[in-house]
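Dear colleague,

A summary of the findings follows it.

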Amino acid sequence: MTKRWIEEWNPEDEAFWERTGKKVANRNLWFSVFAEHIGFSIWTLWSVMVLFMGPQYGLSASDKFLLVSTPTLVGSVLRLPYTLAVAKFGGRNWTIISAGLLLVPTVLAAIVMQPGTSFGVFLLVAAIGGVGGGNFASSMTNINTFFPDRRKGWALGLNAGGGNLGVAVIQLVALLVLGTAGAASPRLVLWIYLPLIVLATTGAALCMDNISSVRNDRRSMREVVKEPQAWVMSFLYIGTFGSFIGYSFAFGLVLQNQFHRSPVQAAAVTFLGPLLGSLSRPIGGKLADRVGGAKVTLATFVLMAAGGALTVLASSARSLSLYTTGFIVLFVLSGIGNGSTYKMIPAIFRTKAALAIADGAPEEAELLKARRLSGALIGVAGAIGALGGLFINLAFRSSFASFGSGDVAIYAFIGFYAVCAVLTWSVYLRGEFARSSRLVLAGAGV
């Protein structure tokens with residue numbers, strides 16, 4: 001592999017940024033977005049493959065929910081090593097490797113996607129598809145190193161939102177295939193994505209760069225997990241990103257089993273949720289900038305509980321349109337919450353740094369520590385938060401198996417959102433940490 005390493009990189013220097021840095025950073029950003037976008041599509045591949053699996057496949061609703069849960073679990077676990085891989089191999093080099101790896105689950109799916117394949121084989125191939133879930137963590141870590149602090153919010157938001165859109169796009173591709181070639185042609189989806197994977201891998205090889213100054217900082221990872229704030233934020237991210245990815249996997253199956261929609265009918269609306277949830281993520285970040293991340297996150301969880309209640313009412317009334325509306329509301333709110341919670345992470349550590357500086361600690365060291373720990377927590381929270389997708393699909397699986405509907409699962413989600421709302425309010429708006437931050441930051445808040 002030809003290595004392209006940048007030895008000197010100082011984006012905080014305005015002259016360097018305008019002369020060289022901006023062009024290089026933006027080039028790496030766009031190819032990173034494309035590779036991550038394809039990664040999300042392959043991660044959620046089985047959310048559309050199950051729409052092609054009719055009675056001839058011999059799979060129950062419980063089997064299908066387990067099938068879409070498995071890549072969620074694998075992708076969540078892979079996010080931590082993928083976060084560290086950027087510093088070990090280089091951002092460009094790891095993008096080439098991680099994008100190329102997407103060929104494996106895609107080719108395997110093309111081989112096994114036919115009636116008569118055992119459920120165990122389907123489960124194994126779906127698990128391998130989890131490699132796409134790790135791409136988000138390495139992509140965010142890589143792009144974070146290219147941009148100055150004043151531009152990271154925009155760059156990371158664009159990177160995350162562009163990646164999340166991969167969920168909606170593969171569902172649109174599946175709708176196109178279902179509506180034209182029919183449910184007997186699932187391999188067409190895979191034939192479309194194989195050249196896109198090759199294109200993403202080639203683009204990374206030809207147009208991306210490694211930064212030599214980036215080094216693995218395992219100490220930050222060990223240090224951040226000792227912070228109580230790390231676990232609070234990871235828990236909240238389960239409620240926001242976990243909801244987004246969990247509903248993305250489950251929505252089509254829920255419509256098929258709750259309202260007996262055909263694959264085409266389900267696919268015709270399932271893409272709307274991930275699409276609007278991806279587009280609303282930057283809105284959450286902007287709202288957090290304006291009124292405070294904790295306030296936006298609190299409002300998001302309260303409204304998500306209301307959105308869950310709406311879907312339960314729609315289920316009781318057997319109203320498909322209202323049920324679909326409730327789910328799309330949940331998607332949009334989860335996207336807003338994704339943006340606001342990620343905005344909270346650096347603000348929390350800036351607050352802690354300000355408290356330490358007010359007590360006499362050296363300013364430069366504390367601000368550097370805040371940046372280190374913020375980056376580490378983004379990786380940790382991203383990994384733990386993605387597990388929410390697993391919990392959502394397992395909850396739906398259990399609910400349909402035991403009660404014949406998804407209502408009981410949604411009741412559980414409503415309760416979880418209520419817990420998240422109380423936690424946000426008590427820690428970041430009313431607790432000792434909130435009071436201290438208001439005093440030190442003169443009302444800037446989190």
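Phenylalanine 65 lies in helix α3, which spans residues 61-89. The model is a predicted one. With a relative accessible area of 0%, phenylalanine 65 is buried, because the cut-off for that class is under 20%. Setting aside residues up to four places away in sequence, phenylalanine 65 touches Ala250, Leu253, Val254, Asn257, Asn393, Phe396, Arg397 and Phe400.

The largest nonpolar core has 120 residues, and Trp46 and Phe396 touch the most other members. Helix α11 (residues 228-259) supplies the largest share of this core, with 16 residues. As for tryptophan 46, its contacts, apart from neighbours within four places in sequence, are Met53, Leu67, Val68, Ala109, Met113, Phe122, Val125 and Ala126.

I turn next to a helix pair. Helix α13 (residues 272-291) packs with α15 at an angle of about 35 degrees, and the two axes are 6 Å apart. Their crossing is right-handed. On the α13 side, the residues that meet α15 include Gly273, Gly277, Ser280, Gly284, Gly285 and Ala288; on the α15 side, those in contact include Ile328, Phe331, Val332, Gly335, Ile336 and Gly339. By class, this contact has 9 nonpolar, 9 polar and 3 charged residues.

Helix α15 covers residues 320-358 and also holds threonine 341. Is threonine 341 buried or exposed? Threonine 341 is buried, since its relative accessible area is 1% and the class requires under 20%. Beyond neighbours within four places in sequence, threonine 341 is in contact with Met233, Leu236, Tyr237, Thr240 and Thr297.

The protein chain has an average pLDDT of 89, and 94% of the residues score at least 70. Over residues 441-446, however, the pLDDT is below 50, and this stretch has 13 contacts in the model beyond near neighbours in sequence. Where pLDDT is low, the predicted coordinates should not be read in detail.

Yours sincerely

Technical notes. Residues numbered from 1 in each chain as written. Predicted model: local features only at pLDDT ≥ 70, side-chain atom pairs only at ≥ 80, totals over all residues. Heavy atoms only, no water. Helix = DSSP H or I, 4+ residues; strand = E, 2+ residues; numbered from the N terminus. Buried < 20%, exposed > 50% of the residue type's maximum accessible area, 1.4 Å probe, protein only. Contact = heavy atoms within 4.5 Å. Axes fitted to C-alpha atoms, helices over the stretch in contact; angles between N-to-C directions. Left-handed = near helix turned anticlockwise from the far one by under 90°. Nonpolar A, V, L, I, M, F, W, Y, C, P; charged D, E, K, R; others polar. Core = buried A, V, L, I, M, F, W, Y, C linked by side-chain atoms within 4.5 Å. pLDDT = per-residue confidence, 0-100.
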